Structures are given as structure tokens and as C-alpha cells.
Amino acid sequence: MTPEGTVDKESPEGRPTAEGKTREVTGPRTQGREEDPCSGLQRIREAAKRDKKVRFSALLHHITEALLKASYQKLNPKATPGIDNETWSSYGEGLEERIRDLHERVHRGAYRAKPARRAYIPKPDGTMRPLGIAALEDKIVQQAVVWILEPIYEEAFLGFSYGFRRGRSQHMALDALYMAIKTQKVNWILDLDIRKFFDNVRHEWLMKFLEHRIADRRILRLVAKWLKAGVSEDGEWSDTAVGTPQGAVISPLLANIYLHYVLDLWIQKWRKEQPRGVCIMVRYADDVVIGLQFEPDAKALMAALKERLEKFGLEINADKSKLIEFGMYARERRLARGDGKPETFDFLGFTHICGISRKNGRPLIVRRTSKMRLQARLRAIRQQLLWHRHKPIEEQGSWLKQVLRGYFQYHAIPGNGKLLKVMRMCVARAWLRALRRRGQKSKNLNWEYMKTLIDRWLPPVTILHPYPDARFRVRT
């Protein structure tokens, strides 16, 4: 926000692309102009861009056989099947006929959503995250609806929303937050955690929000079917009066729509009317960080946010949310008062720290992989190594190379190199321990032999991402 109260397109909260142009939805591609599933999607975007309040009353006809087929091709072939036990490959047998039948059922209203199969995956803090695995046909239709709704809402979503949006990424959100703290007068950070957001989305409110832009009752009925389909766990069906299942193809878009109306628009209005100083925000799905200039504004916002979220069935997680003094000069101010170093906060897997440059002593923001995420990844790797310790060393080494490359691809940012080297060494030691448990002959494996395996299979630490200000300047 500029001092005059207008949105600065060059600010961390703008919506820039490489050349400052609106990014177009490319969508799926098929051969032949006659069967191009995207032929009508561009017109939807153009209409949404012309009029931010227009309601779309005719959308279902965009769900063509070509679009459904493209949706099928978009799905992960290796994904776990849902309650129907239908895999991607098995559905592909006789695909043309199946797509034709699905298209016909959708358009005459005979399509029925199946319950999602409940599954659980571990979270970095040791708890389990519930997922809802949809049936394959539900995934196909959901993907088609996502492609239809995305052009409408991409023209409505605000610049500080980054999660699950075409052309946006976690690193773009991290860069925006870094630049906002560095260039704006941010002295306080509100690290906001919404308790079990996906489990507490109110269906009635979500449908009302959709009706602001969607007047096609057939599309609304499709969304309602998925919300009311329920979940199946160990053969037992349970109703879903609230919430949208994590793991469903359409859930990220629905979550963004919900938070757009509940949080984003409200914050946009609040920061124009209430605070005396700067107020910035970066949101990635339900991960929210707000920066403010003055402590009274931060406390007032915290109280107002609690009331606002409760109105829509959401709750601030007091155990994980916090208001801390943080900023480019927070360390200097706190040490002068004798208050010690500023607290840290985590966002998208990185701990943000108020640090100082070793070269010139100037203040800077340091970002390092969060300890909880690092430990969780190491635990998973150690367990996998023990399970597969009897496989050929070449196979283990190839797997570890792939794992570390993927890990470095996300975490190899400036200032995080030392921690990544620790990660690499911990993986090497875990591998040695696993190899020594292969049998009596393997107990005498020494570190010299292990070094040859490390040099061959474990990729060296290389910083892959530029500094946020350098990358941000390129984008804006």
C-alpha cells in the first residue's frame, strides 16, 4: 500500500508477471480446433475481466467430452484410488465410451458424487492430517469445474493471495513476504494459524460466496454434491455437514474462494480504514502472515480477526498463532532495551530470523529450514533406509539422490546452505547405519568407504534460488 492509499503494482503485494501483463489461463491442450476444450474458457476470463461483478449463468455447457478427457489426462496416474477402487489405467480402458457416458450423466443431472475415502498422512509435528481421496470420476468432473471457475476467480483474487493459483508458487509468497518486511515499515508480525481450516468450512457460507459470481444452478449443484457426499473410513460412512476434504481436486479453489470473502476482502478494507501505519499481508492457502508498523494496530487487528473468523465458523489457533516484534531493526531495538533477540516465526517451511550480515553488520532477514520440518524429513528417510537396506547399493543411492535433489530444489535458498550441509551429512550417517545392519559382514563398513558412496550418490549443496530482491525485480 502506498502512502496515498493506492495499490502499488511494484510492491510485494502487487500481481506482477514477467512483463507486467495479466497471465492467461493456458488450460489443457488437445489437437484440432473443433475439440479444443479451452475454446470457451478464454471468453469466460475476458468477461470476468471486463466486469468484476458479473454473474455467470451459463457455464455447464463448457463441460464437454474434450474437457473431461483432458481432465482425465491431467490426473496423476499413480494416485491412490478412492472408494470405487478405480485406477487411472483401469479407467483408461474404453476411455472414449466412459467419457461419453460421464458427459451424458453430468448434463442430464444423473451424475452422483461418491463418498471420499478417508486416509491419513503424518504432519511435521507428529500428528496425522486427514485426507479425502475422491473416486476417479469425481476427480475428472472436479478438474473440469476447476478449469471453468479459475478464470472467473483469478480476476477477483487479490495480489497477496498465492496458494494454489496458476502461475504462483510458494517461493513467490516467500519472496513477497521478505520484500515487504525489508522495504516497508514492518515492526510487528502477526503469525496467524486457523485451527483445522479445511474441516470447518461452512457449506452454507461457501455456497453463498459462490453465488456472488456463479448463477448457473447446475454448477452449484455439482459443488453441493461433492460437499455432501461424506467420507468413508473403514467401511463406515459419515456425513460431512461442514468442511471440504483435503486432497480433493476442487478443495484448494474452494478454500481460496472462502478465504477471499472471509479474510482477504475484509483485510483489504480494514487496512484502508483502521491502522495508523503500514499493514501488509501474505497468504498461502490458510497460512497467513500479517506485518504491521505499530503494536496497537496489531493488537486491534488480532481482536477484530478473532471476531471476524468466528462469524464464519473459523477459529484462531491460540497455541500456534502469535504476535511478535519483528523487522529489519527489531533486533537493534530489543537489544538496546535489554529484551534479548526477537522471536522467530515459521512460514511455508522456513523459520524467519532477524539477523545481521557478517560482511558489514547490517540487519537482514535470515531464512532457514524449520527444525520441525527438517527432523520430520530425516525421520522419514531413516525409516525408508531401514526398510530397503537389503536392496542393491546402486538402487539405494539412486533413490537418495532423487530425494535430496527434490529437497534442495525447494530449500536451497541463500542463507540456508549450512543447514542443508547438516542435512546431507545426517542422511549419509543414516545410510551408513542402515548398511551396517545388512548382516555380519556389513558391520565393519568404515567411513572411508562411505565417502566414496557420498561423493557418487549424494548431490552437493548448491544454492539454487537467488536472493528475493533480485528475483522480485525480475518479476516486477
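At what angle do the axes of helix H2 (residues 65-74) and helix H5 (residues 136-154) cross? In this predicted model, the two axes cross at roughly 110° and come within 8 Å of each other. Helices H2 and H5 are therefore roughly perpendicular to each other, and their crossing is right-handed. On the side of H2, the contact is formed by Leu67, Leu68, Ala70, Ser71, Tyr72 and Lys74, while H5 contributes Leu136, Ile140, Val141, Gln143, Ala144, Trp147 and Ile148.

The cysteines were examined next. The count of disulfides in the model is 0. For cysteine 354, the closest cysteine sulfur belongs to cysteine 279 and lies 18 Å away, which is too far for a bond, because a disulfide requires a pair of cysteine sulfur atoms within 2.5 Å. Cysteine 354 has a relative accessibility of 5% and so counts as buried. Cysteine 426, at 22% relative accessibility, counts as partly exposed; the cut-off for buried is under 20% relative accessible area.

A further site of interest is glycine 349, which is located in the loop between strand E9 (345-347) and strand E10 (350-356). With a relative accessible area of 9%, glycine 349 is buried. When residues up to four places away in sequence are not counted, glycine 349 touches Arg368, Thr369, Ser370 and Arg373.

How values were computed
Residues are numbered from 1 along each chain as its sequence is written. This is a predicted model: local features need pLDDT of at least 70, side-chain atom pairs count only at pLDDT 80 or more; totals for chains, interfaces and linings use all residues. Side-chain values use heavy atoms; hydrogens and water are left out. Axes are lines fitted to C-alpha atoms, for helices over the stretch in contact, and angles run from 0 to 180 degrees between N-to-C directions. Helices (H or I, at least four residues) and strands (E, at least two) are DSSP runs, numbered from the N terminus. Angles under 35 degrees count as roughly parallel, over 145 as roughly antiparallel, 65 to 115 as roughly perpendicular and the rest as oblique. A crossing is left-handed if the near helix is turned anticlockwise from the far one by less than a right angle, and right-handed if clockwise. Contact means heavy atoms within 4.5 Å. Buried means under 20% relative accessible area, exposed over 50%, partly exposed in between (1.4 Å probe, protein chains only).
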